[in-house]
Amino acid sequence: MVVRVPSLSHWVHRIGSAIDTDTPSSFFVLVSVRLGGCGACVVLLSKYDPATDEVTDFSASSCLTLLGSINYCSVTTTEGLGNAKDGYHSIQKRIAGFHASQCGFCTPGMCMSLFSSLVNADKDASRPEPPKGFSKITVSDAEKAIVGNLCRCTGYRPLVDACKSFAADVDLEDLGLNTFWKKGNKDDSARNLPNYSTGDVCTFPEFLKSEVKSSVSTSHSHKPETIEYGWYRPKSIEHLHILLNSESFSTGNVKLVVGNTSSGVYKDQDLYDKYIDLRGIPELSIIKRTNDGVEFGSGVTISRAIEVLREEKVSTLVLKKIADHLNKVASPFVRNIASVGGNLMLAQRKQFESDIATILLAAGSKISVLEGLERVTLTLEEFLERPPCADRTILMSIFFPSWASYNNILFETYRASPRPLGNAVSYVNSAFLAQTLMDEETGDVVVENIQLAFGAFGTEHAIRARKVEDFLKGKIVTSSVILEAIRFLKEGIVPKNSTSHAEYRVSLAVGFLFKFLSPLPKGLSEPGKIVHVELQNGQSHMESKNSDDIPIASRQEILLNSEYSPVGEPIKKAGAELQASGEAVYVDDIPTPKDCLHGAFIYSSKPLAYVKEINFKSSMASTKVISLITAKDIPKGGENVGFVWYFGAEPIFADSLAEYAGQPLGLVIAETQKYANLAAKQAVIEYSTDNLEPPILSVEDAIERNSFFQIPPMFYPKQIGDFSKGMAEADQKIESGEVKLASQYYFYMEPQTVLAVPDEDNCMTVYAASQWPEGAQAHVAKALGIPFHNVRVITRRAGGSFGAKAFRAMPVITACAVAAHKLRRPVKVYLDRQTDMVMIGGRHPTKANYTVGFKSDGKITSLHLDLRLNAGISEDVSPLMPPAIIGAMNKYNWGNLSFELKVCKTNNTSKSAMRAPGDVQGSFIAEAIVEHVASVLSLDTNAVRRKNLHDHESLKVFFQESAGEASTYTLPTLFDRLASTPSYEARAKMVKHFNFENKWKKRGISCVPITYKVRTKQSPGKVSVLNDGSIVVEVGGIEIGQGLWTKVKQMAAFGLKELVEGSEDLLEKVRVVQADSFSLIQGGLTGGSTTSESSCAAVQLACNTLVERLKPLKDKMKEEKGVVPWTALIGQASAQGVNLSASSLYVPEPTTFGYINYGAAISEVEIDLLTGATTILRSDLAYDCGKSLNPAVDLGQVCYLQFFLYMQTNIVALKV
């Protein structure tokens, strides 16, 4: 939608008092994390200045932006750019055409971030005019247009391609697969792109400008401006004092806000009845430029500060580098509304790990604070060291020194974080400023003065390293001086006990100081510079080059097959434009039913404890509690079962004993989701651990206490050969290697969401973001004690799942249904991100100990594996994980393979299936073992990998009937295509040259094979032809971003193709509709990468039935009339009573139940030895998927970063 807000007070009157001014503006758009960090809810805010007649456009995170703060703003969402009714915008069309949307939940925010970049680039008069259809934006800018927008489905390659397609300097041939042109047809490329025209969307209409001008002429009151529902906007410091000292402000909860971005980090703990918007106070918006520096009012946004600091007339080395660092803080859509002063106040009050505080501390900034009526000037260091400021203390301004009058100034800033750009708090941030003097005779550098600031390492606030500073002052910088400075630094950088990655943070601080000082001594290698090595005509060529400057480029090769057209064609994903325009409906988008209530979970904070009592604090939020649903509210005849499967069950709510931290204890019910979330935070839970054993938290604890789940014999994998015999054949052995893998959060963009609506006759309709609607139906029926036919579950789509919306969604769905059943009112539950991550679990933590024997040439003869999985509190699918891990490891021929498998029961959240469950851990463990063997033998790792790939005979031993025919075993070919080529050898040689020439950065290159055993499953399908010839298709599979609907649509058009004359195309006549447990039964579980395939098979069977019914009629009509149009055939069939709806149930044949997919990938990476920062320089992937149902969709599934993020965050411990 597009929200136009000419005057918020008028607009609020128009929509009624149900919407408060403290409502986030994301109330009207798609929202995911509600932390301001994902970008799914980005909108364009536009402000008009009648004095200059200028419109300022900027992106903003709507989940942080309160409605009261956008008074007299124009708000444009992606639906305002384009929509199904008015036509789509070129951004939306290109996102769809470049196959850049999968689940689609994040896509609206991507569109708006890109739109914001285009709008602001096109307004820049200093940029050259672009060719027709393009923007003034450059390729470099386009690559950063969606910085901070998170996506968990799509590899960012197609998204970046869509962004770059707007750049005036783009080479269209560098862009990836799309629907606009075929590779090689460069002349037609630009002409076929959806046309983009500057100003095609008016961001601030004329009638709104008139509204603003009118408001200015009537706003000369000397009283604070008051907007309805507790929103106040003082126009001066004096007005602010009047408000704060008035009787009405002596009670209640008051919040002072500028951008409200702090709520993304520190969630509100209670409701506020009054908000004071500080942005109307001129004193807080000042920008004073002097020769000594720039003074910013505390309300100036970070983005505006960056602009000013980069102005040519004020920019100095120090100010420019501060601006560069500020540009790495948060995301553009957060920086645009976040204030510099607010950031510093968070650092002072909340111990926020602020980059800004650290860099300004090193620069020697001063701040001005208003305490009551007294204005006090302090150094930033003094300010940070004070006790936390009172809530009503006002930070007035911050002075950024320029150091323009000083000579020989060195200034550098550093940060290390999980992501270099975007919303990622630093592990450590630091900034160093030094005045130096060079001895002209000796060339020695003397430190005259130095200021060293460090933050975010596990300290209360940023600090100056005074001891190190004192040591360095007056000294000639030498290697020994640097080493002594580092020793002093280690003594001063001491993280608090609870700090994560404490040793790493200390090493980062040391590394940053070393980077700063190392260029100063003579003859010491500089870590900031690297020598880039390229091979030219067989000779190594070296130049200084930063790997961060390597441009983003990609190339894809696919084999197209038109034999079964349109199946196999890279058509656009069905519904991609709807996703881009924000019109795709997810569960939370369903209009809230009348009298709907909302729920939020109270969960245990203890891993094992009795729950004696649950009470609520006395607060505004607790008064909003309507009901607390607990285990006692399970209806008579129902069961307290949140999830049950083959192996075991777990409850909806803990009854009296909480068995893990995160276990649901109750569901707070309130009138709105905000009230429910805040009310849940008011819960006070009384625990007791009397007579309880200590909780079991780790694999080691479980082994010590013999706490295991059983793996049923039918699922226990088969051991291969004789381990002892294989070890006897080995030339060398590794007796005790170890691999440890941590868990991984699901982190889908759409949180767990469900809406339960009571219906007549004790029935319940449930709308759920679920991969398993049929399972949800069964669980709700069991919980309520009613027949299955009383429960209808509907799922249209899910905004990402990765396995968590299969089994782990069940407790959320059943709890919501229990609440709706008890209260006889609709109830919606939309988990906040923290609750979702605490309750839902993730991938299984895994520990593997191995003994391996091998020949001197690297051929492995025998492997024994002791595998331990942390399953959490219940079985879930955990007994299936060890066989999956072993199956993934079997990509290599281990000669002889034995193992002992244990599934550990612990007092943790239940772990469940997560994308490629077991296969990820298994492949990682296998590669760790092979690399260990290669390391011991000092052999090339790829040579060892290749030697241990299967031949077809050994493949049959390890995979049995799934091995297939010899002609289908393509893994050696794929591996050789990547790793046994002159190109790879040249790259490997370049890596060696690079590592020889560079001391502080190193590169590596590796080729990894992969096997994935596919297990097909039964699936239903239904194809119905309506009287106008349009086609409705239903399948059991759920669209979760994998393109299932697109492939099913293609299959339906292919399956009925025999009934179509000439060039008539059925593809656009097909619509795939939502899954409904009443309409289509036996839908099964969507997962395992085979549901699209099985659903297509079911649709093909249904189409075959329709063809059998309609073919005789078509033949008869053709004899009589010649050409038979599709609509004529269907009209005649309907008139003659032919059944135009066919259902089917695809059941795979035993011979096709399981088969193996093969792939291989090369990655070349660079690592900074001082910080651990890793850069992927290049990746090459080869994947044999047989005949792809849709290459464009499948390519998007291959280019996927979730596994890399998992591998990057795990440490392999090798013990010899």
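This is a predicted model: local features need pLDDT of at least 70, side-chain atom pairs count only at pLDDT 80 or more; totals for chains, interfaces and linings use all residues.
Just after helix H13, Gln351 takes a positive phi of about 60°; helices (H or I, at least four residues) and strands (E, at least two) are DSSP runs, numbered from the N terminus. Residues are numbered from 1 along each chain as its sequence is written, and side-chain values use heavy atoms, with hydrogens and water left out.

Helix H13 itself covers residues 340-350, and because eight of its eleven residues are buried, H13 is largely enclosed by the rest of the structure. Here buried means under 20% relative accessible area, exposed means over 50%, and partly exposed lies in between (1.4 Å probe, protein chains only). The buried set consists of Val340, Gly341, Asn343, Leu344, Met345, Leu346, Ala347 and Gln348. Their cover includes helices H10 (302-309), H14 (355-363) and H15 (380-385), together with strands E11 (366-371) and E13 (394-401); contact means heavy atoms within 4.5 Å.

Nine of its twelve residues are buried, so H23 is largely enclosed by the rest of the structure. Among them are Pro773, Gly775, Ala776, Gln777 and His779, and Val780, Ala781, Ala783 and Leu784 are buried as well. These residues pack against strands E23 (643-644), E31 (763-768), E32 (791-795) and E41 (1075-1076), and against helix H24 (810-823). At 1.5 Å a residue, H23 should span 16 Å, and its end C-alpha atoms are 16 Å apart, which agrees; the expected span is 1.5 Å times one less than the number of residues. Just after H23, Gly785 takes a positive phi of about 70°.

Several loop residues deserve a look at the backbone. Most residues other than glycine have a negative phi, and most peptide bonds are trans. Asn762, in the loop between strand E30 (753-759) and E31, has a positive phi near 60°. At 35% relative accessibility, Asn762 counts as partly exposed. Arg824 sits in the loop between H24 and strand E33 (827-830), with a positive phi near 55°, and its relative accessibility of 43% makes Arg824 partly exposed. A cis peptide bond, with omega about 5°, joins Ser565 and Pro566; Pro566 belongs to the loop between strand E19 (539-544) and helix H19 (576-581). Ser980 is found between helices H30 (971-979) and H31 (982-997) and is partly exposed at 46% relative accessibility. The C-alpha atoms of Ser980 and Ala943 are separated by 9.5 Å, although these residues are 37 apart along the chain.

Turning to the whole chain, the secondary structure comes to 36 helices and 44 strands. With 1216 residues, a compact globule would have a radius of gyration near 33 Å, and the chain has 32 Å, which agrees; the radius is taken over C-alpha atoms, and the globule rule is 2.2 Å times the number of residues to the power 0.38. The C-alpha trace spans about 90 × 80 × 80 Å along its principal axes. Buried residues make up 57% of the chain. Among contacts between residues at least 6 apart in sequence, 76% join residues at least 24 apart.
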